[in-house]
Amino acid sequence: MDEAERRARLGEIAPDRLAELDEDEAEDEHVLPALPNAEDGAVVMRAAPNPNGPWHLGHARMPAVIGTYKRRYDGAFICRFDDTDPETKRPDLDAYDAILEDIEYLGFEPDRVIRASDRLETYYEHARELIGAGGAYTCSCAGDDFSELKNAGEPCPHREKDGETVRAEFEEMVAGEYDAGEMVLRVKTDIDHKNPALRDWVAFRMIDTPHPREAAADYRCWPMLDFQSGVDDHLTGVTHIIRGIDLQDSAKRQRFVYDYFGWEYPEVLHWGHVQVDEYDVKLSTSTIKELIEAGELTGWDDPRAPTIRSVRRRGIRGQALVDSMTELGMSTADVDLAMSSVYANNRDIVDDDANRYFLVRDREDDPAVDRDVIGGPDAGHPPLHPDHEERGTRTVPAGRVLIEESDLPARGDRVWLKGFGCVRHTRDAFEYVGDDIEVVREGDVDVVHWVPADESLRTLVRTVEGDVRGFAEPAIADAAVDDLVQFERVGFVRLDEFDPEPAGEAYGPTGEEDLVTYYAHP
RNA sequence: GCUCUGGUAGUGUAGUCCGGCCAAUCAUAUUGCCCUCUCGAGGCAAUGACCGGGGUUCAAAUCCCCGCCGGAGCACCA
């Protein structure tokens, strides 16, 4: 019985089992697990960033996963800026676009972009409705006092206020007639709920600081995340919510509001925190912001910063990040993202396109050393790409060359200058021996990269560990800014700028360079 | 303190719901070999894990109990 017959037979005797098999097979094509209760064409998900800065690497996970599900289920991707705190988590006006740019770099485009700060009237309307249903009350308790009562499971005196008073006081909140801390609107949940986190939580509070967006600058009464997000998820038709374990209780809190309104709560998935190895800098927007302000980092795209802009500048494709993020799966456990996995994914994507060039590094512990080449041709002609002969070769002038000291053979020994030929290290020169590759095949001679001593480009390589200087072969001038190339035996870099201006900082170009590159990975 | 929640190799992941095909999958990593005019790519191989202890069972990564360790919430932050 062949495969087709077997399937047909199984279809006759156990159609359910056959469908199950098909489902399992379809599952195998996806890295991510199937979404619960997902219907093709009817999945709506949202990323809800707080626009308080450009994104760090951890932020890539949400668009990566949502975008991937969107494609899989032919769904919708909403980007909703939850910018409802003009004070503590004050939005950064540049961050709205910066975040959208970061999403675009990852290869996705939101179907809809909304800002919570545009929707205050909507939240107020729902608050009025909730008050009307007896589901909320205005409360002027001091935070600590309420907390004490709450922890004891005791209601505060405001809980039993009559509806008219609540309604009037809420209108006064909306009108901005209270100062910060004087009055809040609480959702009436269950004051002795066994989980203290769910007891009568705050839905609206007063904030004196105007919102940085002009359109929202006049509002003083702001909703808290759980109210705003809950209302918006329903109103925008979100079917599946993904959020971090720090918001584990949000769904439970919001369900009280959903119950008052008779709404059905979306499916919710939680995932753990992401940590990234390889960086000294913490994965935190505020930490990175501080380091930049203190001049420790040259900007959001400093290669030492664990940000999306940084890996982008280093030539890492958004797709590589997306692949790594989806491979992390949907576990509620905290996870560590190994940058080596991002690098492996990126190599897969870029290796074929990246042309090869030589760079001789000039480092403290392994300086570039120069030697005259005696005899042999005038130049070497290594291929632009070993797997693509049709791309042709580069010309690397010989004469006097630089190699890295650790590649220098002992006196009397030979070394193979890649694309040029075999030379013997005599006294203080390289004496040309020949171009018979057999010596390399026999394993007696190492193959090394090299550059001409005089015609090369002074090059700055900016890496995660800091800046490295060196000399790139002249042919690299044929490559363009933004190209990703491989410095043979060193690694992949993105060409960032020719003849850079001095950065005027401890790191970055001094102005003496001919070329600045950003190091991606080995 | 109260309430959630998690623990499979260095890292991530599959398997856990419905116990056996799991002496545990795949990827990455590391190492070695082959190939290659790169330390890239490609090929092959090796390394390496079910948090612990009890119990149920013919059979436990999977079910039950007790521990241990982690993460989160109990904000007028998101």
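This is a predicted model: local features need pLDDT of at least 70, side-chain atom pairs count only at pLDDT 80 or more; totals for chains, interfaces and linings use all residues.
1. The protein places 54 residues around RNA strand B, and the ones that come nearest are K89, K150, R205, K418 and R489.

2. By class, the residues near RNA strand B comprise 20 charged, 19 nonpolar and 15 polar.

3. Individual polar contacts. At C141, a backbone N or O atom lies 3.0 Å from a base nitrogen of RNA strand B. At L225, a backbone N or O atom is 3.2 Å from a phosphate oxygen of RNA strand B. At D334, by contrast, the atom concerned is a polar side-chain atom, placed 3.5 Å from a sugar or linking oxygen of RNA strand B. Two or more residues of the surface near RNA strand B come from each of helix 6 (143–152), strand 6 (202–206), strand 11 (335–337) and helix 13.

4. Helices 12 and 13. Helix 13, which contributes to the RNA surface, also packs against another helix. Its residues are 339–350, those of helix 12 are 318–327, and the two axes come within 8 Å and cross at roughly 135 degrees. Helix 12 is therefore oblique to helix 13. The crossing of helix 12 with helix 13 is right-handed. On the helix 12 side, the contact involves Q319, A320, L321, D323, S324 and E327, which meet S341, V342, N345, N346 and I349 of helix 13. Four nonpolar, five polar and two charged residues form this contact of helix 12 with helix 13.

5. Helices 8 and 9. The axes of helix 8 (residues 225–235) and helix 9 (residues 250–261) come within 9 Å, with a crossing angle of roughly 65 degrees. Helix 8 is therefore roughly perpendicular to helix 9. Their crossing is right-handed. Helix 8 supplies L225, D226, F227, S229, G230, D233 and H234 to the contact, while helix 9 supplies S250, R253, Q254, V257 and Y258. In terms of class, the contact of helix 8 with helix 9 consists of four nonpolar, five polar and three charged residues.

6. Helices 5 and 7. The axes of helix 5 (residues 120–132) and helix 7 (residues 163–174) come within 10 Å and cross at roughly 165 degrees. Helix 5 is therefore roughly antiparallel to helix 7. Helix 5 passes helix 7 with right-handed geometry. Y124, A127, R128, I131 and G132 form the helix 5 side of the contact, and G163, V166, R167, F170, E171 and V174 form the helix 7 side. The contact of helix 5 with helix 7 has six nonpolar, two polar and three charged residues.

Notes:
Residues are numbered from 1 along each chain as its sequence is written. Chains are lettered from A and ligands numbered from 1 in the order in which they are written. Side-chain values use heavy atoms; hydrogens and water are left out. Axes are lines fitted to C-alpha atoms, for helices over the stretch in contact, and angles run from 0 to 180 degrees between N-to-C directions. Helices (H or I, at least four residues) and strands (E, at least two) are DSSP runs, numbered from the N terminus. Angles under 35 degrees count as roughly parallel, over 145 as roughly antiparallel, 65 to 115 as roughly perpendicular and the rest as oblique. A crossing is left-handed if the near helix is turned anticlockwise from the far one by less than a right angle, and right-handed if clockwise. Contact means heavy atoms within 4.5 Å. Ala, Val, Leu, Ile, Met, Phe, Trp, Tyr, Cys and Pro count as nonpolar, Asp, Glu, Lys and Arg as charged, and the others, Gly among them, as polar. A residue is near a molecule or strand if one of its heavy atoms lies within 4 Å of it. A polar contact is a pair of N or O atoms within 3.5 Å; within protein, one must be able to donate a hydrogen and the other to accept it, and residues adjacent in sequence count only if both atoms are side-chain atoms.
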